[in-house]
Amino acid sequence: MDADAQKKASGEAAAQLVESGMVVGLGTGSTAAWFVKALAARKLDILGVPTSLATANLAESLGIRLGELGPVRSIDLTVDGADEIGPALALIKGGGAALLREKLVWEASKRCVVIADAEKRVAKLGKFPLPIEVVAFGHETTMLRICDALGECDLGIAPRLRVKDGVPVKTDNGNLIYDAACGRIEDPAALAAALKSVTGVVEHGLFLDLADVALVGTADGVVTLEP
Ligand code: 5RP
């Protein structure tokens with residue numbers, strides 16, 4: 001099975017966890033898209049809460065009824081992809097620039113299921129550059145403060161502004177993304193706290209103690225992992 005087939009298998013397995021009547025958080029990215037398609041095919045009576053405009057458009061086009069976090073206070077189950085899955089199901093997310101809405105939806109969920117292909121599993125987080133969402137106002141100054149925070153965690157690196165087609169990527173919230181190529185994150189909790197202390201940082205892509213289970217597509221089928 002190639003990576004895309006593994007993503008599809010994990011998304012389809014997660015769709016089997018959904019029951020009629022549930023409020024379901026809908027993740028963002030290519031793996032989450034497989035989940036949304038498999039969920040729509042089941043034609044259950046559910047309310048979806050999307051984590052991005054892209055996912056909202058996909059789900060709506062497939063006939064899934066949608067609600068918004070806020071009016072919807074509690075979510076039964078959220079299913080979403082990840083860029084890295086480390087020990088204890090600590091994650092890096094935000095490769096698709098949806099980390100803020102994703103984290104808001106995850107934190108409002110009773111149960112969070114991460115879906116991925118086997119390549120996403122790592123012994124230590126950090127090879128995938130850590131996305132950090134910052135407000136646009138004064139972002140160059142915020143970046144310098146982020147460098148200080150990274151330095152406190154023995155990461156002497158400068159994050160790079162995410163650019164696509166020559167222009168800075170804007171999130172669905174109108175913010176910018178800096179990617180920090182950490183290499184190895186020895187203490188994810190300390191790094192998360194250091195980044196959150198920087199004014200101008202809206203959110204970072206470390207998802208710690210949030211995933212309840214991972215369904216990982218492998219060459220031998222879908223494997224279930226617990227923290
Ligand atoms: C979006 C995310 C995605 O879940 C993550 O980037 C994985 O994407 P894909 O399933 O396409 O590999 O965090 O912000």
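The structure is a predicted model.

**Domains and their interface**

The chain is divided into two domains, and domain 1 is made up of two segments, 3–119 and 208–219. Domain 2 covers residues 130–204. Between the C-alpha centres of domain 1 and domain 2 the distance is 24 Å.

The size of an interface is often given as the accessible area lost when the parts come together. For domain 1 and domain 2, the buried area is about 1,200 Å². Carbon and sulfur atoms give 65% of that area. In terms of residues, 13 from domain 1 are in contact with 17 from domain 2.

Polar pairing also occurs across this boundary. Seven residue pairs are in polar contact between domain 1 and domain 2, counting pairs with both residues at pLDDT 80 or more. On the side of domain 1 that touches domain 2, helix α4 (residues 99–107) provides the largest share, namely four residues. That side of domain 1 consists of six nonpolar, four polar and three charged residues. One salt bridge is found across the interface of domain 1 and domain 2.

**Salt bridges**

Side chains of opposite charge can pair when their charged atoms come close. The structure as a whole holds eleven salt bridges. Among them is the pair formed by Glu203 and Lys103, whose closest N and O atoms are 2.9 Å apart. Another joins Glu12 to Lys8, with an N to O distance of 3.2 Å. Glu12 and Lys8 are separated by about one helical turn because they stand four residues apart in helix α1 (residues 3–15).

**Ligand surroundings**

There are 17 residues around the ligand, and those that come nearest are Ser30, Thr31, Asp83, Gly94 and Lys120.

| Residue | Atom of the residue | Distance to a ligand oxygen atom |
|---|---|---|
| Asp83 | polar side-chain atom | 2.6 Å |
| Lys120 | side-chain N or O atom | 2.7 Å |
| Gly81 | polar backbone atom | 3.3 Å |

**The surroundings of Arg184**

Arg184 is located in the loop between β11 (176–180) and α6 (188–196). Its side chain is joined to that of Glu186 by a polar contact of 3.3 Å. Leaving aside residues up to four places away in sequence, Arg184 touches Lys124, Leu125, Gly126 and Leu155. Of these contacts, the one with Gly126 spans 58 residues in sequence, while the C-alpha atoms of Arg184 and Gly126 are 4.5 Å apart.

How values were computed:
Residues numbered from 1 in each chain as written. Predicted model: local features only at pLDDT ≥ 70, side-chain atom pairs only at ≥ 80, totals over all residues. Heavy atoms only, no water. Domains from an automatic or database assignment. Contact = heavy atoms within 4.5 Å. Buried area = accessible area lost by both parts, 1.4 Å probe. Salt bridge = Lys/Arg side-chain N within 4 Å of Asp/Glu carboxyl O. Polar contact = N/O pair within 3.5 Å; in protein donor to acceptor, adjacent residues only side chain to side chain. Helix = DSSP H or I, 4+ residues; strand = E, 2+ residues; numbered from the N terminus. Nonpolar A, V, L, I, M, F, W, Y, C, P; charged D, E, K, R; others polar. Near = heavy atom within 4 Å.
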